[in-house]
Amino acid sequence: MSRFLVEKYQGMESYTPGEQPKPGEFLKLNTNESPFPPPSQTGEAVAKAASQLHIYNDTQCKALTNAFCKVYGVQPEQVIFGNGSDEILAFCFQAFCDKSVAYPNISYGFYPVFAELYGLEAEEIPLREDFSIAPVDYFGKQKTIVIANPNAPTSMALSAREICSILDQNPDQIVVVDEAYVDFGGESMVPYVNQYENLVVSGTFSKCRSMAGARLGYAIANPALIADLNKIKYSYNPYNVNTMTQVAGTISLEQDEYYRDCVAQVVLAREYFVEELNRLGFETLPAKANFVFTRHPKLTGDQLYGGLREKKILVRHFTRPEICEFVRISIGTKEQMTQVVTALSQLLEVAYA
Ligand SMILES: *Cc1c(COP(=O)(O)O)cnc(C)c1O
């Protein structure tokens, strides 16, 4: 740190992304990426777009927006795109959180970082004993609420009805529902954006649409809220989604069947994996995302993480005491999950020996 950094940022703890090792070094199941590449048409289309990089990109993302509205059944005034949904969430914190914000104490690691960045007082609402979010804990808050649904790293989901109860009980507060993982088994709130004046749904192409490296996220809400988010965007970086990403996103939406097939394969691999984990004596939280959160009575979270790492499988381990016994394992292909099952069986053989 230099002596020039503004004082209020000197103690700030920034976000720690999951490790990105050299390609091929590990079976990489630590950042919830898709095991499948983007649709085959993407390469050529992106290359063509690259030849136009001397021209500024479209700030309104018109082609992308058209394709998006067809698939998601919304109007162009109801959507905004961002450089990943991290940027969208940053816009939401900036636009809608005045002094304070509330979110679950165990959730996406970026929420506390944004709270600190924007100088907000954060209320971290504890999960229940079973690691679930209890809607009633969010009733009558005098502040903006942010909820990941399904939640990370638990992979557990609330029903749309439960989210509606939170919206109903906070009519004068914005509720941001982060649907980064909704396609893998959650219930989306997008059908409710016309009904609720206070609902913002954020989503991403990173996980289910195989585009983590392209950085494309979105928010869907009523036109007034989207106008507010655009006010932030156009005061910060109007060119936030680059030309090649806009093209890749459009292709993804045009090839919607490919994406649905990828999601279906991940869900099948998850179901297979959870069954195998049960057989091996793991306790796995009810998984609705493209990862599982699991623990074993015979091995600590540290031992699971380290043991798998030695076998060249990278998963995520969190050190905070409430969840340090767990590891979060992203779901890859069925073949990859078979490899993880084999590795875990071997670790357990040693543990029981
Ligand atoms: C991955 C993730 C995001 C953001 O992903 P982007 O790549 O920035 O779109 C947002 N919320 C949650 C809960 C996530 O896990």
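1. Two strands are taken to pair if DSSP finds at least two bridges between them; strands (E, at least two residues) and helices (H or I, at least four) are DSSP runs numbered from the N terminus. In β7, the bridge partner of D178 is S202. Strand β7 covers residues 199–204 and runs parallel to β6, to which 4 bridges join it.

2. The model is predicted: local features need pLDDT of at least 70 and side-chain atom pairs pLDDT 80 or more, whereas totals for chains, interfaces and linings use all residues. Residues are numbered from 1 along each chain as its sequence is written, and side-chain values use heavy atoms, without hydrogens and water.

3. On the β5 side, β6 also pairs in the parallel sense, over 4 bridges, and D178 is the bridge partner of A148. Between β5 and β6 the chain passes through helix α6 (residues 160–168) in a right-handed β-α-β crossover (with the strands pointing away from the viewer, the path from the first strand over the helix to the second runs clockwise).

4. Both faces of β6 are covered, with V175 and V177 buried on one side and V176 and D178 on the other. Buried means under 20% relative accessible area, exposed over 50%, and partly exposed in between (1.4 Å probe, protein chains only).

5. K141 and E123 form a salt bridge, with closest N and O atoms 2.7 Å apart (the term requires a side-chain nitrogen of Lys or Arg within 4 Å of a carboxyl oxygen of Asp or Glu). K141 lies in the loop between β4 and β5 and E123 in strand β4, so the pair ties together parts 18 residues apart in sequence. K141 is buried at 17% relative accessible area, while E123 is partly exposed at 25%.
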